[in-house]
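Trainee: I'm new to this one. Can we walk through the charged pairs and then a helix?
Mentor: Fine, here it is.
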Amino acid sequence: MTRETRKSERLRAGALPDPSGVHNIVEQAGDVAVYVADDGEVAGISVNPDCPSLGCLDHWVGRPFEKFLTVESKEKLELRLEEMRVNPDLTSRGLELNHIDNATWEFPIRYTLHRVYDGGFLLLGRDMQPIAEVQQRLVAEQTARERDQQRLRGEQTFYHVVLETSETPMILVEPEKGRIRDLNSAAAMLLGTNVDTLSGSSLAQAFDGRRREELMDAMRSAAGSREARGIELVARRNERELKLYPDFFRAAGELYMLCRVRPTAGDVGTAAESAQVIGALYSATSDAIVITDGKGVIRDANEAFLTMADAAQLRDVRDSDLADFLVRGAVDTKLMLETAAKQGRLSNYATQLASIVGTRSSVDVSVARLRDPAGDFGYGFILRNTSLNEGADAEVTSVVSEEAMKNVMDLVGTASLKELVSATSDVIEKLCIETAVQLTGNNRVAAAEMLGLSRQSLYVKLRKYGLINSTADE
């Protein structure tokens, strides 16, 4: 006999008394006893007086039992009765039924079904309402706990967002352990590393020449002082001179320390001086510099760009699209912005700039995406005028043109004029397609826009001239 078979059998040992010899066994075996005749009507019912929640159910007698069951319970009872009719020796198993009474009252009873040999079924039940109430309380408790956890996650998200977006460098320290609990990117930048590297590490390890006990004693003294005293420290990774301003606070019964980090006066002066130098370079350089937003709209431009664009003052170009000043217009700006967005920068992009009065000049463009921990500032363009080199390029073009012309003239007499013109136009078309693909960095969508072709037409011509393999994406 297998273990599974033994487990399914009911344990029997010794001898039990005859049920007919036990007084009131039906009334006392459960909270409720219902005798259902073969026709499905309730022939008798007994309710335990210790279960006042069940009420008086004498009105069930003489009425169909299924009238007091929910739809799902009717199906469950019918299936169980059918099993017992097919197999009379089937061991009765517990069956939970939900009763309805007076349209609004619903209560669960767990029954065991017993076949009465003179006809009908005896259902002995236990009131499940106390258990159901406990389950409901457990469900309500679980729901409340999940709601509290969700609220806690929301509070943690708010905390991290506020901490990260704050321009003030801040470090959260556990004073007893001297360990960094949390910090924002602004503080990590001053310390010459990133948040993940410092989070959870010892605060003293981020600075030179300070032991943990000595540093924490100094910070406790500064935090407990009525005056806002800073502790001068030197960052270990970048040797930057900083000041820490610690303050105590208590959260969930634990004492923590919030440290504001600031560069020393000398470091601030150096940063301000560097900013002045960069500003002077921006104004005085001979290369045109343009700052745009994420869509290519001009926000600022230096004097060199105003001169190149024949603009009298900055307001003549501000809030204008940079594409308005490029000969190829949106094709150029779209390609440059997409490349800079993916790679962070783009250099040596050759195009032509059209001024307000219509004059053109060849330019070499470099683009960089401007990012900072505080946000995204858009894009910076540097345009270098290459018109001075056009003379040398013209010489090369002239030589190439003469050589090409000689090759064409050598063909005179070997083919008709119409065939010669067709061959020449194919050569020019091929050169134009190669140039467009090269200018766009093998971006075929941009090349098609530059040539005024559909993408499908460009692919047809690439295959025609055998350029499809040479221009395939690497």
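Mentor: Start with Asp247, which counts as partly exposed at 38% relative accessibility. Buried means under 20% relative accessible area and exposed over 50%, with partly exposed in between (1.4 Å probe, protein chains only). Before going on, note that this is a predicted model: local features need pLDDT of at least 70, side-chain atom pairs count only at pLDDT 80 or more, and totals for chains, interfaces and linings use all residues. Residues are numbered from 1 along each chain as its sequence is written, and side-chain values use heavy atoms, with hydrogens and water left out.
Trainee: OK. Which side chain does Asp247 meet in a salt bridge?
Mentor: That of Arg260, at 3.9 Å from N to O. The pair links distant parts of the chain, 13 residues apart: Asp247 is in strand β9 (residues 241-251) and Arg260 in strand β10 (residues 254-263). Arg260 is partly exposed, with a relative accessible area of 25%.
Trainee: What counts as a salt bridge, and as a strand or helix?
Mentor: A salt bridge is a side-chain nitrogen of Lys or Arg within 4 Å of a carboxyl oxygen of Asp or Glu. Helices (H or I, at least four residues) and strands (E, at least two) are DSSP runs, numbered from the N terminus.
Trainee: How many salt bridges are in the whole structure?
Mentor: The search finds 12. One of them joins Asp217 to Arg220, with the closest N and O atoms 3.2 Å apart.
Trainee: How far apart are Asp217 and Arg220 in helix α7?
Mentor: They are 3 residues apart in α7 (residues 212-224), so about one helical turn separates them. Asp217 is partly exposed at 48%, and Arg220 is partly exposed at 30%.
Trainee: What about Glu174, buried or exposed?
Mentor: Glu174 is buried, with a relative accessible area of 11%. Its salt bridge with Arg179 has the closest N and O atoms 3.0 Å apart, and Arg179 is partly exposed at 30%. Glu174, Arg179 and Arg181 are linked in a network of salt bridges.
Trainee: Now the helix. Which residues are buried in α14?
Mentor: In α14 (residues 455-464), Leu458, Tyr459 and Leu462 are buried. Seen down the axis, the buried residues of α14 fall within an arc of 100° (taken from the directions from the helix axis to the C-beta atoms), so they line one face of the helix.
Trainee: Which exposed residues does the face turned away carry?
Mentor: Gln456 and Lys464.
Trainee: And what follows α14?
Mentor: Gly466, with a positive phi near 70°.
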